[in-house]
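Please open the model in your viewer and keep the selection panel at hand. The stops below go from one selection to the next, and each says what to look for there.

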Amino acid sequence: MSKTTNSHLERQIAAQRKKKIVVAVQYTLAIIITLIVIFPLYWMISSSVKSQDEILLLKPTLWPHEIHLENYVNVFNRVNFGKYYYNTIVMTAGILSSQIITGVFAAYGFSKGKFKGQNACFIFVLGALMIPLQVTFIPIFIMCANWGLSDTFMGLILPECISPYYIFMLRQTFMAIDDSYIDAAKVDGLGRVGIITKILTPMCKSTLFTTTLVTFTSGWNSYFWPKIIAKNERRRVLTVGLAQLKNTFAGQATMNNHEIMAGAVMAILPVVVMFFVFQKYMLTGYSKAAMK
Amino acid sequence: MEKKSFIKPRTMSAIKDFVCVLPALVFLGIFTYYPICKLIQISFTDWNLLNERWNYVGLKNWIWLFNGSGTKHLLNSLRVTVLYSIGELTITLLGGLLFALIFGRLNKSFSIMRAIVFMPKYVAMSSAAVVFLWILNTDTGILNYLLNCVGLPSVDWLGNRNTALISVLMLTGWRAIGYGMMIYLSAMIGISRDYYEAASLDGATAAQSFFKITLPMLSPTTLFLFVTTFISSMKVFQSVDILTSGGPYRATEVFVYTIYKYAMEDFRMDRASVVAIAFFVLLLIVTASTFKVSNRSVHYDS
């Protein structure tokens, strides 16, 4: 009898020890991976405040000897970073507002509206998801150039101002809301705009918010189309400007990496700050898409 | 108001509902469907942006692409794109799953570490790419410095035909792996504890319950990640553009980069259009076949 209790106890102790080892391994691996993943960001920030001499040392320094914040000012003097910021903000705001307005109305029409050919129209919208800008950019570029939209905000915003993805996500959310709310609102004399702004939008706040965050980041970080339509300095956006920054050093890019890194830090600042503020929503935005 | 009375209220309501979706339909017609038709038209011309006029030239561009000097570039782009996609899929799916297992502990310190691993997704590709250019630099980059420290020779990461694509994958993988992890984790949390309790009562080992419970239950998530990552990885452009510009010797010239180069650098709209159409057809085939596979092999819990 005592023998069996003993072996049982031993087994339990062994199991506990094994569990402890697993936890220790898990912590060690997680910490190592986290350090590796964060390293490029750390390297960007620490290089951005080093002096040129320190950048060129054969033995890289992990921690900067002196802090040189003037790198940030120098970048502003070298290229028109302020202008790039302004262009990016206007472009993102334009894309965001038009996608929200058109998206909300279209989602209403597809979820709560009733008209002939509704399904066919919805398939028309979904089909557009299969045709990326990377395929169609040539005719769109020619069209925009013919309309005189090269190097304008209109040119930057127009091809992105309706997103089938946004419509689809909102429609799925609106579908989940019971029709009785809509009917009650209609009895109270609310029109379509009223139903959308006073009932559907407030009820779907969180999805609206997370989907909008995804749209904001992809707008802010967009590169392909801005590079094609805005070749001039005048309407260049941050992402394109940063990629071209190294060319302004005429082959001396390596020697000026401290300034390039300062530019890189400035370009990501708004989105990274937003990431930490809205961290919780950022993830649900994507995992909701995964459920659908 | 007078006019309104001729139309039944129900019809009026349907018209108003239709007006809600009309802007989206018109817009997508102009900026998505019309360009596809236009693309097909351009593919039968000799449209070069440097010339004033263009003419129809029949199948000339198609012959150039499939049975001419363009064929080897097409095959090269196809090879590079497929290799790249395989790489990104492996990193996102396998790496993401592995990370999900490692970072699966639900406490404060792990949630901070998870946030850090997920964050690169939000770092603009441009910023990430210039940092990787600096890290991967042959002479002054820190990666080669570390390799030298452990006695390995320096590698010309971006200039060598064999390592250039790996370098691009390092950059995109760095941004994608945390995303894969988060998607897998949120799915894992959704798996009912009952399954694991039943399994452990039956004496299943951790490995057994992973392969018999976790993995099959994750198959819808895996499918979602597979389809979205596959399609988005085929459209890769920015990382290639900034890191290698398609070089060296076209070793990283993915499909979109080829189209971009013909259109925006050589101004050959005709050639760019045929490559774009070929790319579009490829995308359709990939999408259709992934959905077909999914219908057969995915296990849905219901």
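Begin by selecting both chains of this predicted model, and display the residues at which they meet: 68 residues of chain B are in contact with 66 residues of chain A, two residues being in contact if their C-beta atoms, placed from the backbone, lie within 7 Å. Within the side of chain B that touches chain A, pick out helix α1 (residues 9–42) of chain B, which gives the most to that side, with 18 residues. Coloured by class, the side of chain B that touches chain A shows 52 nonpolar, eleven polar and five charged residues; here Ala, Val, Leu, Ile, Met, Phe, Trp, Tyr, Cys and Pro count as nonpolar, Asp, Glu, Lys and Arg as charged, and the others, Gly among them, as polar.

A word on labels and confidence: residues are numbered from 1 along each chain as its sequence is written, while chains are lettered from A and ligands numbered from 1 in the order in which they are written. Because the model is predicted, local features need pLDDT of at least 70 and side-chain atom pairs count only at pLDDT 80 or more, whereas totals for chains, interfaces and linings use all residues.

Buried residues make up 41% of the 302 residues in chain B, a residue being buried if 20 or more other C-beta atoms, placed from the backbone, lie within 10 Å of its own, exposed if 12 or fewer, and partly exposed in between.

Staying in chain B, select helix α3 (residues 71–102) and helix α10 (residues 219–234), whose axes come within 9 Å and cross at roughly 145°; axes are lines fitted to C-alpha atoms, for helices over the stretch in contact, and angles run from 0 to 180 degrees between N-to-C directions. Which residues meet between α3(B) and α10(B)? From α3(B), show B:T81, B:Y84, B:S85, B:E88, B:L89, B:T92 and B:L93, which meet B:T222, B:L225, B:F226, B:T229, B:F230, B:S233 and B:M234 in α10(B). By class, this contact of α3(B) with α10(B) holds seven nonpolar, six polar and one charged residues.

Bring chain A back and colour it by domain: the assignment, which is automatic or from a database, gives domain 1 (2–48) and domain 2 (77–291). The centres of domain 1 and domain 2 of chain A, taken over C-alpha atoms, are 41 Å apart, and their contact takes four residues from domain 1 and six residues from domain 2.

Chain A has 15 helices and zero strands. With a radius of gyration of 26 Å, well over the 19 Å that the globule rule gives for 292 residues, chain A is more spread out than a compact globule.

Finish at helix α9 (residues 179–187) of chain A, which is hardly covered, as the count of buried residues among its nine residues is zero. Just after α9(A), select A:G189, which takes a positive phi of about 90°.

Note on methods:
Helices (H or I, at least four residues) and strands (E, at least two) are DSSP runs, numbered from the N terminus. The radius of gyration is taken over C-alpha atoms; the globule rule is 2.2 Å times the number of residues to the power 0.38.
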